[in-house]
Amino acid sequence: MTSGVVPVFGITLAAARGSRTVYTLTGRRGMDSLAADGELASIDHDGFRGRLVSVPLGESAFEDLRCSAFRFERSVSAAAAMTDVARLIFVVHGGVTVQDGAEESEILAGQWALLPARRSFVMSSDGSSRLLSVLVPTRKLRTPRERLDALALRPLADTAIGPAFESMLRSLSSSAPDDNTVEADLTAHALLDLTRALLAGQPDGEPDSPDDAVRARVHDFIEHNYADPNLHVSVIAAALGVSVRRLHRLFESEPLSISQCIRRWRVTAAGRELLLTDEPFEAIARRVGFGSSDTGYRGFRDEYGMTPAEYRRRGRV
């Protein structure tokens with residue numbers, strides 16, 4: 001895993017430390033520290049007050065920002081220079097106004113919003129507010145760029161996943177794992193899965209292309225069938241009614257091939273079982289779909305850089 005997320009409104013200061021860190025932001029200096037990727041202003045510069053909880057989680061991050069009234073602007077040039085990271089925010093109290101050209105949206109307490117890094121916008125608050133944020137690389141969302149653009153900079157619709165997601169973020173604000181640990185890796189996976197689920201549940205936006213729809217069906221099929229030791233690309237192709245050649249082509253530009261997706265699901269499930277049970281890895285490997293314990297060992301080392309025994313020991317410290 002790697003540390004260090006390029007910030008998107010607010011800064012992941014803790015990325016250099018590798019642990020949950022709390023920063024007190026006061027006056028002009030505090031504003032300068034917070035606005036690493038744009039211009040931050042306040043009616044009362046010297047009276048500005050803020051508190052930032054920053055948690056690095058591999059390539060992702062979590063932030064809890066409480067601050068007084070502000071106005072933040074990201075210019076077109078600043079947006080173009082940003083790393084492609086998406087910030088999903090939840091407004092705990094207060095509210096923010098987001099302007100995108102002539103369009104203006106209010107994000108009120110209890111609402112979610114998506115702020116892509118490579119978009120210029122103005123965000124402001126007339127009073128104190130608290131924002132919980134998840135930062136994830138856009139490439140990991142498995143969502144077409146057109147879909148993200150359609151959902152960005154406006155309130156997202158309520159979904160069933162929202163309350164559970166909010167609860168997890170609140171817990172991270174008070175206690176979070178150190179980066180480059182098994183717990184941090186599991187937490188990062190959970191945040192990514194919840195972010196994907198929240199965005200997938202949105203009713204608006206441009207419809208997915210046929211290729212995107214097939215890729216989504218492949219991921220869903222793997223999620224429900226990874227424990228089948230006979231699950232291969234040919235099985236998925238037959239189940240979805242498409243050719244093996246087309247499936248391979250659809251995943252050429254994806255971060256993981258279909259075989260790697262299957263392995264990741266199996267390794268993730270095995271890791272969960274290692275932490276929750278005392279069963280030997282050989283039994284767990286068979287249950288999650290690995291054809292043999294040797295295949296499971298190799299897959300585990302490739303994904304986590306450690307043996308199953310080391311994973312279990314570090315995860316229970």
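What percentage of the 317 residues of the protein count as buried? In this predicted model, the share of residues that count as buried is 48%. The secondary structure consists of twelve helices together with eleven strands. Of the contacts between residues at least 6 apart in sequence, 73% join residues at least 24 apart.

The largest nonpolar core comprises 30 residues, and the members that touch the most other members are Val218, Ile222, Ile236, Leu247, Ile258 and Phe300. Two or more residues are given to this core by each of the helices α6 (210-225), α7 (233-240), α8 (244-250), α9 (258-276), α10 (281-287) and α11 (293-304), and the greatest contribution comes from α9, with seven residues. For Val218, once the neighbours within four places in sequence are set aside, the contacts are with Ile236, Leu240, Leu247, Phe251 and Ile258. Another core, of 28 residues, lies apart from this one, and its members include Ala86, Val136, Leu148 and Leu191.

Helix α9 also packs against α12 (residues 308-315), the axes of the two helices coming within 9 Å and crossing at roughly 55°. The arrangement of α9 relative to α12 is therefore classed as oblique, and the crossing of these two helices is right-handed. On the α9 side the residues involved are Gly271, Glu273, Leu274 and Leu275, which meet Pro308, Tyr311, Arg312 and Gly315 of α12.

Met168 and Leu194 are separated by 26 residues in sequence, while the distance between their C-alpha atoms is 9.8 Å.

The loop between α4 (162-174) and α5 (182-200) contains Asp179. The relative accessible area of Asp179 is 7%, and this residue is classed as buried because that value falls under the 20% cut-off. The side chain of Asp179 reaches the backbone nitrogen of Gly58 at a distance of 2.8 Å.

How values were computed
Residues numbered from 1 in each chain as written. Predicted model: local features only at pLDDT ≥ 70, side-chain atom pairs only at ≥ 80, totals over all residues. Heavy atoms only, no water. Core = buried A, V, L, I, M, F, W, Y, C linked by side-chain atoms within 4.5 Å. Buried < 20%, exposed > 50% of the residue type's maximum accessible area, 1.4 Å probe, protein only. Helix = DSSP H or I, 4+ residues; strand = E, 2+ residues; numbered from the N terminus. Contact = heavy atoms within 4.5 Å. Polar contact = N/O pair within 3.5 Å; in protein donor to acceptor, adjacent residues only side chain to side chain. Axes fitted to C-alpha atoms, helices over the stretch in contact; angles between N-to-C directions. Parallel < 35°, antiparallel > 145°, perpendicular 65-115°, else oblique. Left-handed = near helix turned anticlockwise from the far one by under 90°.
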